[in-house]
Amino acid sequence: MGHTGRLLRFCRINGNPRKNVKLDLIKLMNILNVNEQAIPLDKEGYLKNLNDWNPEVAEALAQAVGISLTPAHWEVLNAIRDFYQTFDLSPSQRPFVKHIANTLGAEKGRSIYLLKLFPESPAKLAARIAGLPRPSNCF
Amino acid sequence: MSKICIINTRPPYGSTAAKDALDTALVSASYDQDTSLLFLGDGIYQLMKGQQPEALPQKNPGAMFQALEMYGIENVLLCLEDMLDRGLQESDLTIPVQLLARKEIGGWLGQQDRVFNF
């Protein structure tokens, strides 16, 4: 099943067909089109070239999985990007939660809060939208 | 929870041993195992400050070692004699370590459920 197929399935499973999901963003498998620019993605949907990342790319990556980025998403995305800058690592779930607790406060440094923003696997999804490599120690 | 010790005996560059050891440690810690890192012999060079590997297709391990605490890895051990043999002291290292005399190492490893050697 191609990326688009998976996305459609994902949206259906979540009972949220989101009429406005911009599926035309993904015309070809593993290419994200943003402002007429074709951004290559790897087979898991992470940016192939991390330098391609900018806030618009983040919006497009989020839209593709049915997420509209809010300020609550952005503060987490900025925090995970800081983690990467500091430690040269994409965090797995536990250090991710700990880092959010340290930077944004204990209320937000909880799995349940992060799951609401980035469903299913917050560390992986946040890393993907933030334009970081896949957390290699996160399954 | 198992006690798992990852032994590092190789220098930071020239092979993927250091990266493999660190990845193993981070996976182990991510699964809530009681994980420790032990640096012996030339493995101690991994912890030296001031490395500039930018010309290599490898990352600077210094930044990643700073993350050990975030992963809940509190025991980073180093063989005292091996450090002194290399003309190094604790202030040359990127992170705080616990120094073990060589004769104490066997006792530490004896307490572990699993030992991985890189």
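Q: What makes up the secondary structure of chain A in this predicted model?
A: Chain A has 6 helices and 2 strands. A run counts as a helix if it has at least four residues, and as a strand if it has at least two. From the N terminus on, the order is α-β-β-α-α-α-α-α.

Q: Which residues of helix H2 of chain A are called buried, and why?
A: A residue is buried if 20 or more other C-beta atoms lie within 10 Å of its own. In H2(A), residues 55-63, the buried ones are Ala58(A), Leu61(A) and Gln63(A). Their cover includes strand E1 (31-34), H3 and helix H6 (122-129) of chain A. Over the 139 residues of chain A, 31% count as buried.

Q: What makes up the side of chain A that touches chain B?
A: Helix H3 (71-87) and helix H4 (93-104) of chain A each give two or more residues to that side. H4(A) supplies the largest share, 5 residues. The contact takes 13 residues from chain A and 13 residues from chain B.

Q: How many residues of each class does that side of chain A have?
A: There are 4 nonpolar, 6 polar and 3 charged residues. Gly counts as polar in this scheme.

Q: What makes up chain B, and in what order?
A: Chain B has 4 helices and 5 strands. From the N terminus on, they run β-α-β-α-β-α-β-α-β.

Q: Why is the sheet of chain B called open, and which strands are at its edges?
A: Strands count as paired if there are at least two bridges between them. The 5 strands form an open sheet in the order E4-E3-E2-E1-E5, with parallel pairing. Strand E4 (98-100) and strand E5 (114-117) of chain B each pair on one side only, and these are the edge strands. The twist averages 25° from one strand to the next.

Q: How do you know that E3 and E4 of chain B pair?
A: The cut-off is at least two bridges. Strand E3 (residues 75-79) of chain B and E4(B) have 3 bridges, in the parallel sense, so they pair. As one of the partnered residues, Leu77(B) has Gln98(B) as its bridge partner in E4(B).

Q: Which strands does helix H1 of chain B touch as it packs on the sheet?
A: H1(B), residues 17-30, touches strand E1 (3-8), strand E2 (34-39) and E5 of chain B. The direction of H1(B) makes about 165° with that of E1(B).

Q: How do you know whether the radius of gyration of chain B agrees with that of a compact globule?
A: Set the value against the rule. For 118 residues, a compact globule would have a radius of gyration near 13 Å. Chain B has 13 Å, so the value agrees. Its C-alpha atoms fill a box of roughly 40 × 30 × 25 Å along the principal axes. Of the 118 residues, 36% count as buried.

How values were computed. Residues numbered from 1 in each chain as written. Chains lettered and ligands numbered in written order. Predicted model: local features only at pLDDT ≥ 70, side-chain atom pairs only at ≥ 80, totals over all residues. Axes fitted to C-alpha atoms, helices over the stretch in contact; angles between N-to-C directions. Contact = placed C-beta atoms within 7 Å. Rg over C-alpha atoms; globule rule 2.2 N^0.38 Å. Buried ≥ 20, exposed ≤ 12 C-beta atoms within 10 Å, placed from the backbone.
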